[in-house]
Amino acid sequence: MKSFLIVGLGSFGHHLCRALAEQKCEVMVADQVSETLEDLLPLVVSAKVGDCTNEEVLRSFDIPSFDACFVCLGDSNILGSLQITSLLKELGAKKVFSKADDDVQAKFLLRNGADEVIYPELEVAVSLAVSESSDSIFDCIRLTADYSIYELQPLPRWVGKSLKELNFRVKCNLTVIAAIRDGVIRPNLSPDYTFREDEHLLVLGRIEDIHRVIR
């Protein structure tokens with residue numbers, strides 16, 4: 001069972017804690033305000049009230065014992081996020097995820113030791129913008145600045161043809177990673193897999209290639 005530390009219990013920290021608990025992970029939470037922890041007490045193995053910019057407070061948590069640490073302070077406290085991110089790495093954190101609101105914050109967090117930066121608002125904004133701006137795209141999961149996974153309905157010209165026939169990866173510069181039919185995800189599609197009208201596809205690629213294909 002994996003173990004995680006979440007520092008900062010705003011909206012994102014709460015959602016993250018609940019999601020990790022649902023995955024049967026052990027979660028420890030920490031915040032300066034005791035009231036923010038109360039509703040999470042049944043879900044966590046430990047909850048601490050304290051100023052995590054204080055090295056002695058973090059040291060008492062046995063940081064190296066966690067599989068990953070999440071710094072989820074509010075956007076107005078970027079200095080605190082920078083301090084905590086740096087201290088976590090100094091104290092032996094295996095992996096640190098830090099929440100950022102923009103690229104400037106992300107740059108400084110990465111310089112201060114963050115292994116990865118989380119943009120929760122950006123991820124939601126991008127997903128909504130992509131899906132709502134096209135009738136052919138139903139969802140979008142952003143992986144990097146350039147690549148995402150898109151949920152598409154097969155175009156009429158694809159239906160009844162196989163991945164091999166369409167030479168999909170070469171001609172579209174996209175990779176089909178799964179098909180979804182009747183709520184069931186079917187991964188690892190063979191080159192002979194034939195597209196059907198009553199399914200959706202999960203496709204990995206760049207948005208410009210997606211737009212070029214579905215145009």
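**A tour from the charges outward**

What you're looking at is a predicted model, by the way. Across the model, the count of salt bridges comes to 11.

Now pick out the helix in this part of the chain. Helix H8 covers residues 207–214 and lies across E7, E8 and strand E11 (200–206). Relative to E11, H8 runs at about 130°.

That brings us to the sheet itself. Five strands make up an open sheet in the order E7-E8-E11-E9-E10, and the pairing is antiparallel. Strand E7 (137–142) and strand E10 (184–187) sit at the edges with a single partner strand each, so one side of each has no neighbour in the sheet. If you look at how the strands are set against each other, neighbours in this sheet are turned by 25° on average, ignoring direction. As for what holds such an arrangement together, strands of a sheet pair through backbone hydrogen bonds, in either a parallel or an antiparallel way.

E7 pairs with strand E8 (residues 147–152) in the antiparallel sense, over five bridges. For a handy landmark, find cysteine 140, which stands opposite tyrosine 150 in E8.

Back to the charges, because a few individual pairs are worth a visit. Which residue does arginine 18 meet in a salt bridge? Its partner is aspartate 39, at 2.9 Å from N to O. Arginine 18 belongs to helix H1 (residues 11–22), while aspartate 39 is in the loop between strand E2 (26–31) and strand E3 (46–49), so this pair ties together parts that lie 21 residues apart in sequence.

Next, look for aspartate 192 and lysine 164, whose side chains meet in a salt bridge at 3.0 Å, N to O. This pair also links distant parts of the chain, with aspartate 192 in the loop between E10 and E11 and lysine 164 in helix H6 (residues 163–166), 28 residues apart. Lysine 164 counts as exposed, with 54% relative accessibility.

One more pair: aspartate 198 forms a salt bridge with arginine 196, and their closest N and O atoms are 2.7 Å apart. Aspartate 198 is partly exposed at 44% relative accessibility, and arginine 196 is partly exposed too, at 36%.

Finally, zoom all the way out. The chain has eight helices and 11 strands. Its radius of gyration is 21 Å, well over the 17 Å that the globule rule gives for 215 residues, so the chain is more spread out than a compact globule. You can see this in the C-alpha trace, which spans about 65 × 35 × 30 Å along its principal axes.

Of the 215 residues, 44% count as buried. The accessible surface comes to about 11800 Å², with 51% of it belonging to carbon and sulfur atoms. And among contacts between residues at least 6 apart in sequence, 54% join residues at least 24 apart.

Key: Residues numbered from 1 in each chain as written. Predicted model: local features only at pLDDT ≥ 70, side-chain atom pairs only at ≥ 80, totals over all residues. Heavy atoms only, no water. Pairing = 2+ DSSP bridges. Helix = DSSP H or I, 4+ residues; strand = E, 2+ residues; numbered from the N terminus. Axes fitted to C-alpha atoms, helices over the stretch in contact; angles between N-to-C directions. Contact = heavy atoms within 4.5 Å. Salt bridge = Lys/Arg side-chain N within 4 Å of Asp/Glu carboxyl O. Buried < 20%, exposed > 50% of the residue type's maximum accessible area, 1.4 Å probe, protein only. Rg over C-alpha atoms; globule rule 2.2 N^0.38 Å. Areas by Shrake-Rupley, 256 points an atom, 1.4 Å probe, with all protein chains shown as cover.
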